[in-house]
Amino acid sequence: MSIYFKGLSSINGPLVAIEGVETASYDELVELIDENDHTRLGRIIEIQGDRALIQVFESTEGLSKNNVVSKLTGRPIEIGLSEEILGRSFNGSGAPIDGLGPVFIDKHADINGRVINPVARTYPRNFINTGISAIDGLNTLIRGQKLPIFSGSGLSHNELAAQIVRQAKLHGDSGEDFAIVFAAMGVKHDVAAFFKQTFLDHGVMDHVTMFLNLANDPIIERILTPRFALTAAEYLAFEKNKHILVVMTDITSYCEALREYSSSKEEVPGRKGYPGYLYSDLASMYERAGCIEGSTGSLTQIPILTMPNDDISHPIPDCTGYITEGQIVLDRGMTQQGIYPPINVLPSLSRLMKDGIGEGLTRKDHSSVSAQLFAAYAKVIDVRNLASVIGLDELSRHDQRYLGFGRLFEHFFVGQGGNSNRPITETLDIGWHLLSLLPKYDLDRLDAETLETFYNNQEAINYFKVNSPTVIDDSLLEGNN
């Protein structure tokens with residue numbers, strides 16, 4: 001039952017208050033109707049006795065204490081859902097913005113989602129192929145996982161997000177339904193246009209649902225955008241049994257809006273001015289990913305955040321890293337070298353990778369190849385540090401060989417380019433070509449049988465002479481030592 005109240009007791013930025021309320025509930029949807037019959041939506045965020053504090057989703061300009069009628073709807077904020085949301089674009093409040101008219105509604109759902117019983121969760125298995133070697137080969141994305149991308153201002157995270165949406169698919173021809181929910185928060189108009197045009201040009205829009213909150217949209221809407229997107233994803237995953245990948249960018253814009261909103265409520269600030277509940281607020285979004293019993297679908301998340309001043313210890317990446325199962329880290333130095341995607345594989349990690357790869361899932365040798373590539377590249381970093389002290393000319397031939405391996409690894413394996421979509425078998429084969437350029441006695445993460453099967457030094461040299469002649473150098477052409 002709806003209840004109407006005349007007038008407001010206070011107006012403070014996006015927050016207004018009404019008094020004399022006895023039956024209101026937390027998070028209840030409120031309609032604010034001004035003297036021109038313009039309706040603005042809000043929600044109750046605090047109740048003190050008979051006083052209710054309302055968060056308005058748009059500007060409060062033009063409102064006064066006397067010209068507003070508040071309608072308490074008796075229900076939370078909801079989104080209308082059906083399978084018709086696939087291929088559609090919505091604003092941050094869940095309203096269609098693609099000019100295709102309203103969506104046929106099958107049901108309404110609370111945007112705060114449903115709490116998943118930990119006992120009902122099933123362990124994530126099987127990987128999602130992004131076509132990006134540094135992710136698929138070394139930091140594999142598993143269905144039901146939360147794998148964030150840590151970037152910096154000005155890096156190519158938007159291009160990487162668009163590439164993942166274009167290329168992501170289930171491994172093999174499983175016949176299972178796969179779709180993507182994409183949420184952008186606080187993006188500029190040109191960035192939003194880039195995403196929409198990219199998806200249309202590559203013909204993937206039919207299985208993408210977009211939620212776009214622009215930089216000039218209200219910050220309160222920015223706080224709701226990921227929750228609208230995740231509610232749509234939950235519906236498709238757990239009720240329609242689809243495998244859903246949710247890509248959200250930029251979580252930092254969301255957290256900045258949360259900080260501004262918290263300040264307007266005069267809450268006691270925490271680290272760097274962010275609210276003390278930043279961790280639990282992020283967890284309320286990230287923990288909506290997973291697989292549950294009774295549904296054959298899954299919900300996988302790739303949240304993208306820009307680290308202020310490239311500081312990985314900043315509260316946003318710090319809290320995110322504690323909640324999620326790993327991270328993909330973009331590197332500014334690699335960007336300056338023209339490497340795309342500029343993924344720094346050493347600080348990157350996928351904690352669920354070991355359970356979604358191997359025989360019957362990707363390939364039997366996946367785990368050992370990945371471990372050996374990590375070890376070899378870590379040796380490259382050690383050699384570079386040594387060279388900075390004693391100089392390149394003082395390095396041994398063995399160390400110089402590792403420097404050549406490192407250049408080839410970064411510029412060819414990691415830096416595959418924005419139009420390259422590699423299947424997992426090709427990624428692993430390239431990994432073997434790289435390892436075959438190193439002496440056998442250094443490959444201590446590989447057993448003798450695997451080495452005998454895949455190691456081929458001359459084939460590797462011929463491969464890179466054809467595919468990367470400008471990067472391979474004489475230090476890698478000495479044959480098998």
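Residues are numbered from 1 along each chain as its sequence is written, and side-chain values use heavy atoms, without hydrogens or water. Because the model is predicted, local features need pLDDT of at least 70 and side-chain atom pairs count only at pLDDT 80 or more, while totals for chains, interfaces and linings use all residues.

An open sheet is formed by 8 strands in the order S9-S16-S15-S17-S19-S13-S20-S21, with mixed pairing. Strands (E, at least two residues) and helices (H or I, at least four) are DSSP runs numbered from the N terminus, and two strands pair if DSSP finds at least two bridges between them. Strand S9 (89-91) and strand S21 (343-350) are the edge strands, each pairing on one side only. On average, neighbouring strands of this sheet are turned by 15° against each other, direction ignored. Within the sheet, strand S17 (residues 243-249) pairs with strand S19 (residues 298-306) in the parallel sense over 7 bridges. In this pair, leucine 245 stands opposite threonine 300 in S19.

The largest nonpolar core has 79 residues, of which Phe182, Phe199 and Phe409 touch the most other members. A nonpolar core is a set of buried Ala, Val, Leu, Ile, Met, Phe, Trp, Tyr and Cys residues joined through side-chain atoms within 4.5 Å; buried means under 20% relative accessible area, exposed over 50% and partly exposed in between, with a 1.4 Å probe and protein chains only. Helix H10 (residues 397-414) gives the most to this core, namely 8 residues. Residues up to four places away in sequence aside, phenylalanine 199 touches Ala162, Val165, Phe182, Val204, Met205, Val208 and Met210, where contact means heavy atoms within 4.5 Å. A second, separate core of 58 residues includes Ile223, Leu282, Leu299 and Met307.

Helix H6 (residues 278-286) packs against helix H7 (residues 315-323) at an angle of about 50°, with the axes 10 Å apart. Axes are lines fitted to C-alpha atoms, for helices over the stretch in contact, and angles run from 0 to 180 degrees between N-to-C directions. H6 and H7 are therefore oblique to each other; angles under 35 degrees count as roughly parallel, over 145 as roughly antiparallel, 65 to 115 as roughly perpendicular and the rest as oblique. Leu278, Tyr279, Leu282, Ala283 and Tyr286 in H6 meet Pro315, Ile316, Cys319, Thr320, Tyr322 and Ile323 in H7.

In helix H2 (residues 157-167), 10 of the 11 residues are buried, so H2 is largely enclosed by the rest of the structure. Histidine 157 counts as buried at 9% relative accessibility. Apart from neighbours within four places in sequence, histidine 157 is in contact with Ser151, Gly152, Thr249, Ile304, Thr306 and Leu330.

Most residues other than glycine have a negative phi, and most peptide bonds are trans. The peptide bond from threonine 249 to aspartate 250 is cis, with omega near 5°, and aspartate 250 lies in the loop between S17 and helix H5 (251-264). Tyrosine 340 and proline 341 are also joined by a cis peptide bond, with omega about -5°. Aspartate 37 is not a glycine but has a positive phi of about 60°; at 65% relative accessibility, aspartate 37 counts as exposed. Asparagine 241 has a positive phi near 55° and, at 35% relative accessibility, counts as partly exposed.
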